Amino acid sequence: VPPTAALTMSCTDLVCIFEDTSLPGSGGIASRSWSFGDGSAAENGPASGTYRFAAAGTYEVTIAVKDVQGLAATASTTVQVIERVHAAYTGTTRKWSSASGATNYWSADVTVTLHSFDEQPIAGATVTATWSGAVTRTVTGVTDATGRCVLKSGTLSYLKSKVSLNVTAAAAPNSVYDPAANHDAAGSMPTLTLIRP
């Protein structure tokens, strides 16, 4: 009687826990091989462990088991790997005067870097944010190969003292936006506020 192959998978972000739940037949299970459906070679390996996918997506994971008599069985399951993403902020301000020198203006630029849960940059994501304070407007940008996009406030009156940027959405394949994880260089910060220079 051959073994009955079976497996379980549970994933958090890109990391999945896998377990062989196969049942032996007439003889005990002697070996198992895992294939994670992402192009990596099958691994001769343990009954359980963790595997980190390089990118979010849908993968077919397969286990092949063989018993001591050489009888084999395989089983597969499909897993959807979802990645939590968040924004990291850095901002700069600039001041200038009118040609007559009678009126002062300023503006703010914020570089948003979209990150995975383990701080890896996410390229090609559409970022939507709102400016508030010295200006009220919604802006969008697409992250480059380093996961960055620059969002500009436009010209601000010098009568206004501060402006804030809040990323409201980030769209990338197989991901979910986690605004609570947003931060600047100093740590957690859901919204970035810049003061008039």
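Guide: Buried means under 20% relative accessible area, exposed over 50%, and partly exposed in between, with a 1.4 Å probe and protein chains only. This is a predicted model: local features need pLDDT of at least 70, side-chain atom pairs count only at pLDDT 80 or more, and totals for chains, interfaces and linings use all residues. Residues are numbered from 1 along each chain as its sequence is written, and side-chain values use heavy atoms, without hydrogens and water.

Visitor: Why does F36 count as buried?
Guide: F36 has 0% relative accessibility, so F36 is called buried. W34, at 1%, is buried too.

Visitor: What makes the pair of F36 and Y51 stacked?
Guide: Rings of Phe, Tyr and Trp (its six-membered ring) pair if their centres lie within 6.5 Å; planes under 30 degrees apart count as stacked, over 60 as edge-to-face, the rest as tilted. The F36 and Y51 centres are 3.9 Å apart and the planes meet at 10°, so the pair is stacked.

Visitor: Which parts does this pair tie together?
Guide: F36 lies in the loop between β3 (29-35) and β4 (43-44), and Y51 in strand β5 (residues 48-52), so the pair ties parts 15 residues apart in sequence. Strands here are DSSP E runs of at least two residues, numbered from the N terminus.

Visitor: Which residues do ring pairs link into a cluster?
Guide: F18, W34, F36, Y51, F53 and Y59. The whole structure holds 8 aromatic pairs. In one of them, W34 and F36 have ring centres 6.2 Å apart and planes at 10°, so that pair is stacked.

Notes: Helix = DSSP H or I, 4+ residues; strand = E, 2+ residues; numbered from the N terminus.
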